[in-house]
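Student: Please take a close look at one part of this model, the salt bridges and their surroundings, and then connect that part to the strands, loops and surface patches elsewhere.

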Amino acid sequence: MELAGSEIPVDSGRDNYNFGLLPEVAWVQVMQYLQLKDRYNLSMTCQSLYQHFYHPSLWSTVNVNLKGGATNFSLSNTYIPNSLVQMIDKFGHLFQKLTIKIFGHVSTFDDDSRLILTKLSEVCRLESLTLEAGKLITQFDIGGFPPFKSDIQIFINFINNAFRLKQLNIISWPMYPELFTQNNLNIFNAIVKNEKLRELESLSLFWRDDSAWSEREPLLPSPLFLMTFLPDLKKLTHLALRSPMLSEEILTMLSSPDRCKLKLLQVYVTYSAFNHAFQIPDISSDIWKALALASPELEVECSVMSQVPNTELSLLLCPDMPLTSVSFLPYSRCNGQIIGSITDKFASSLKHFICYADTSDVDVDLRYLVSKCSHLRTLVFHGNIKCSTVVAMAMQKSGQWKKLEFVEKKLDTFDEEEGDDEDRDEAIRKNEAGEYILVGLHRFHRHDDNREETIEQMCSVVSGVMGYKWTAV
């Protein structure tokens, strides 16, 4: 449909467009990209935009961030800012996807804050709920003050009152033993008691989807405890948990024919050699085969947080696991042996390989990974790597890459020096002047005068392969 020229005056300058004639759907879409403060400022410019500010779709997804206590060894208070109180009071009934995050420890709410959150739990019609109730609790934290029962009850109310919830993410929860053993303060028991949560499709327990540091040995529910309520959630197609919570019994239960077929299983791998509860679970090949047979579309994603020995990691990363994504977080360990093992085991299934760990001397192994994994579409590597390796891998899959990411300051613009390939472990050699030098120290201190030019050339080649302007981060 064409509009008459008089309705939208168009001159040579862009300033002469009458943006007030844009339809509501266009303005609402623009507002969705703005932060709340900017969205409000925009709404105050005219009556029309003020009305758009109240559009229900703008309030379907909301994050509530609160500041808790810096420590639990002293009592502190959490207050909800007045602006947030007003937002919840006006738009709380429109919330459908809610995230509540408390930075630090769960501390005491004042009466007004407790009242507004209780009201929110009663009026919102949540389809997705994400709870990050303070930091993860460790054995050390048990010696401090646990949250008051009335403060824990605020969060439990969201579970008790949920009636259309499809996705529940519990990133952290105050797992104090004295609270966990009380049924009315146990969030997992609340899940069991609310029969409407039997329709839950996605459940994430203590999983993190970012690369931030997490407690290595937090207090977690045991696999035995999970079996008290997971079997009742038969509609689950997505389950995320930490490796100490995984067992053969849970995977066998997920393979049951009376359940919905699982599509995504995410495992956050934590390990401690000195804590039996944080050993890598030993899952047999037959268990993984049965699960894959029961759920043909199943994809398994693993994020490795701890420094796990190669032999221990191999126990979990069994060849019969339908692994499609593996991530090594910043404080984990990723070396050539691990990369080679993953390549040999999952060449036919791996789609995403992500490494934030401080890794070096794995150029050959990464090339092998890219050449063998036919479905690999994402490669994120924040370790040391040569520019020539980046170019070779980019060209190897040409336009098939969805994401290719490397860190500019970790790029090595030097080609292999003569003799390096023959003996990687060489410690001392003679230089051109006939002097003995330490090879490792020489490599560390060498400087490339053409570094910027080399990186620019590399980016140009990769951009041509990717089909858009590509740069290292």
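Tutor: **The salt-bridge network and its surroundings**

Asp-151 and Arg-114 form a salt bridge in which the closest N and O atoms are 3.0 Å apart, the term being used for a side-chain nitrogen of Lys or Arg within 4 Å of a carboxyl oxygen of Asp or Glu. Because Asp-151 belongs to helix H6 (residues 149-160) and Arg-114 to helix H5, the pair ties together parts that are 37 residues apart in sequence; helices here are DSSP runs of H or I with at least four residues, strands are runs of E with at least two, and both are numbered from the N terminus. This is a predicted model, in which local features need pLDDT of at least 70 and side-chain atom pairs count only at pLDDT 80 or more, whereas totals for chains, interfaces and linings use all residues. Residues are numbered from 1 along each chain as its sequence is written, and side-chain values use heavy atoms, with hydrogens and water left out.

Arg-114 also meets the side chain of Asp-111 in a salt bridge (3.1 Å, N to O), and these two residues lie three residues apart in helix H5 (residues 111-123), about one turn of the helix. As for cover, Asp-151 counts as buried because its relative accessibility is 0%, and Arg-114 counts as buried at 18%, whereas Asp-111 is exposed, with a relative accessible area of 59%; buried means under 20% relative accessible area, exposed over 50%, and partly exposed in between, with a 1.4 Å probe and protein chains only. The structure holds 14 salt bridges, and another of them joins the side chains of Arg-216 and Glu-217 (3.9 Å, N to O). Through shared partners, salt bridges join Asp-111, Arg-114 and Asp-151 into one network.

Turning to the strands, S11 (residues 323-328) is mostly covered, with six of its six residues buried. Strand S10 (residues 299-304) runs parallel to S11 and is joined to it by five bridges, where two strands pair if DSSP finds at least two bridges between them; Val-300 has Leu-323 in S11 as its bridge partner. Phe-328, which lies in S11, counts as buried because its relative accessibility is 0%, and its C-alpha atom is separated by 6.1 Å from that of Ala-357, 29 residues apart along the chain. Strand S9 (residues 264-269) is likewise mostly covered, five of its six residues being buried, and five bridges join it to the parallel strand S8 (residues 238-242), with Gln-266 in S9 as the bridge partner of Ala-240.

Asp-361, in the loop between strand S12 (352-355) and helix H14 (363-372), has a positive phi of about 60° although it is not a glycine, and Asp-361 is exposed because its relative accessible area is 57%. Ser-398, in the loop between helix H15 (387-397) and S15, has a phi near 45°, a positive value in a residue other than glycine, and Ser-398 counts as partly exposed because its relative accessibility is 41%.
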